[in-house]
Amino acid sequence: MNDIDLVLPVLDEAEALPWVLARVPSGVRPIVVDNGSTDGSADIARALGATVVIEQQRGFGAACAAGLAHAEAELVAFCDADASIDPTHVVAIAELLRTGHADLVLGARHTTERGAWPVHARFANRYLAWRVRRHTGAALTDIGPLRIARREALVGLDLRDRRFGWSLEMVVRAAQAGWAIRETPVPYRPRVGRSKVTGTLSGTVAAIRDMRVVLATLDQGSP
């Protein structure tokens, strides 16, 4: 069995997948969760040796949940499949879990290449991190797209969001459960193709709506 399962939610990432999958380290099993692609992403992933899961329910959270359900390794990582994050970093951040220094590790985008992170998205992310930090005490600066935790513990969080709020819900519930949450810096590159969130008005509005629902649990003090 592989040491780590890497869940890669995919929606029309045919251009990025060859680079992403070529960078997956030895001992890490890539699980590509196709969430309705029309560009042949699933076929490309299979041809490149990835495990492919088809998730019919649309939504980023639905794809991540399907990947988690399919995972078998002790550690499960999640990463965007748009080539903005190099998956080789998974092995290094996993060491923080193996050595007992953290229960959840997030890759913090402290170094970004030009054009990788639109200003409005950067400020929105900082606001989310501030809200989580203020309400939970977790020392976070970035609700980033790369994260890793133990599979059984993740399942126990019972994450319910199936849209754009899934990543934020993971952090919120982990903090409320008393997990040790740590950040480690990872470089952030310009994504391949157009973002489904920050690249469109509808995507940005949908993400804000979904995350406001998750943030409401902080104000209510409920898991």
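Mentor: The dialogue below treats the whole chain, then selected residues. This is a predicted model, in which local features need pLDDT of at least 70 and side-chain atom pairs count only at pLDDT 80 or more, while totals for chains, interfaces and linings use all residues. Residues are numbered from 1 along each chain as its sequence is written, and side-chain values use heavy atoms, with hydrogens and water left out.

Trainee: How many helices and strands does the protein chain have?

Mentor: Helices (H or I, at least four residues) and strands (E, at least two) are DSSP runs, numbered from the N terminus. The protein chain has eight helices and seven strands.

Trainee: What percentage of the residues is buried?

Mentor: Buried means under 20% relative accessible area, exposed over 50%, and partly exposed in between, with a 1.4 Å probe and protein chains only. Of the 223 residues in the protein chain, 52% are buried. In strand 6 (residues 146–150), four of the five residues are buried.

Trainee: Which strand is joined to strand 6, and how do the two run?

Mentor: Two strands pair if DSSP finds at least two bridges between them. Strand 4 (residues 75–78) runs antiparallel to strand 6, and four bridges join them. Phe78 has Arg147 in strand 6 as its bridge partner.

Trainee: Is Arg29 buried or exposed?

Mentor: Arg29, a residue of strand 2 (residues 28–34), is buried, with a relative accessible area of 15%.

Trainee: Which side chain makes a polar contact with the side chain of Arg29?

Mentor: A polar contact is a pair of N or O atoms within 3.5 Å; within protein, one must be able to donate a hydrogen and the other to accept it, and residues adjacent in sequence count only if both atoms are side-chain atoms. The side chain of Arg29 makes such a contact with the side chain of Asp5 at 2.9 Å, and reaches the backbone oxygen of His70 at 3.5 Å.

Trainee: Where does a charge sit over a ring?

Mentor: The criterion is NZ of Lys or CZ of Arg within 6 Å of the ring centre and within 35 degrees of the ring normal. The charged end of Arg189 sits over the ring of Trp19, 4.3 Å from its centre. Arg109 lies over the face of Tyr188, 4.9 Å from the ring centre.

Trainee: Which value of phi does Ala83 have?

Mentor: Ala83 has a positive phi, near 75°, in a residue other than glycine. Ala83 lies in the loop between strand 4 and helix 4 (89–98) and is buried, with a relative accessible area of 1%.
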